[in-house]
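I opened this notebook to record what I looked up in one structure. The entries follow the order in which I consulted the computed values.

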Amino acid sequence: MSIKSLGFLADLSLLLVAILFIMGPVSSVFFSYRLGGELLSTKQYVGTFSILLAMVSTKAGTYAKVTREAALG
């Protein structure tokens, strides 16, 4: 299977794909709470927050880098 046969997936950036894969544990925590009524421990809240913070800071850092490079020409 070639990358061209994947359609829109071929146009996704590597950073976006990595963020989507990292969202797996975070979304499982959300759905287990909403659908199964599970409660999280303090360690699980800290871990979930750490994953979300890492995703936001990575995306913000990439955006800042692209903006800075565009401004410099």
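Before reading any accessibility, I noted the cut-offs: buried means under 20% relative accessible area, exposed means over 50%, and partly exposed lies in between. I also noted that the model is predicted.

Entry on the residue Gln44. I looked up its accessibility and found 39%, so Gln44 counts as partly exposed. Its place is in helix α2. I then asked how far Gln44 is from Val26 in sequence and in space. The two are 18 residues apart in sequence, and their C-alpha atoms are 10.0 Å apart.

Entry on the residue Thr48. I found Thr48 in helix α2, which covers residues 42–72. Is Thr48 buried or exposed? Its relative accessible area is 17%, and because buried means under 20%, Thr48 counts as buried. I next looked at its side chain, where a polar atom lies 2.9 Å from the backbone oxygen of Gln44. As a general point, I recalled that an α-helix has 3.6 residues a turn, so residues three or four places apart point the same way.

Entry on helix α1. I checked the length of α1, which runs over residues 14–36. At 1.5 Å a residue, its 23 residues should span 33 Å, and I found the end C-alpha atoms 33 Å apart, which agrees. Where does α1 have a kink? I located the kink at Gly24, shortly before the proline Pro25, with an angle of about 35°. Just after α1, I noted a positive phi of about 75° at Gly37.

I looked up Phe31, which is placed in helix α1. I then asked which residues make a nonpolar surface patch. Phe30, Phe31 and Leu35 make one of about 370 Å².

Entry on the whole chain. I recorded 2 helices and 0 strands for the protein chain. Of its 73 residues, 5% count as buried. The protein chain exposes about 6200 Å², and I noted that carbon and sulfur atoms supply 70% of that area.

Note on methods: Residues are numbered from 1 along each chain as its sequence is written. This is a predicted model: local features need pLDDT of at least 70, side-chain atom pairs count only at pLDDT 80 or more; totals for chains, interfaces and linings use all residues. Side-chain values use heavy atoms; hydrogens and water are left out. Helices (H or I, at least four residues) and strands (E, at least two) are DSSP runs, numbered from the N terminus. The expected span of a helix is 1.5 Å times one less than its number of residues. The bend at a residue is the angle between axes fitted to the seven residues ending there and the seven starting there. Buried means under 20% relative accessible area, exposed over 50%, partly exposed in between (1.4 Å probe, protein chains only). Accessible areas come from the Shrake-Rupley method with a 1.4 Å probe; for residues, only the protein chains shown count as cover. Patches are made of residues with over 30% relative accessible area and no salt bridge: like charges are joined within 9 Å, nonpolar side chains (Val, Leu, Ile, Met, Phe, Trp, Tyr) within 5 Å. A salt bridge is a side-chain nitrogen of Lys or Arg within 4 Å of a carboxyl oxygen of Asp or Glu. A polar contact is a pair of N or O atoms within 3.5 Å; within protein, one must be able to donate a hydrogen and the other to accept it, and residues adjacent in sequence count only if both atoms are side-chain atoms.
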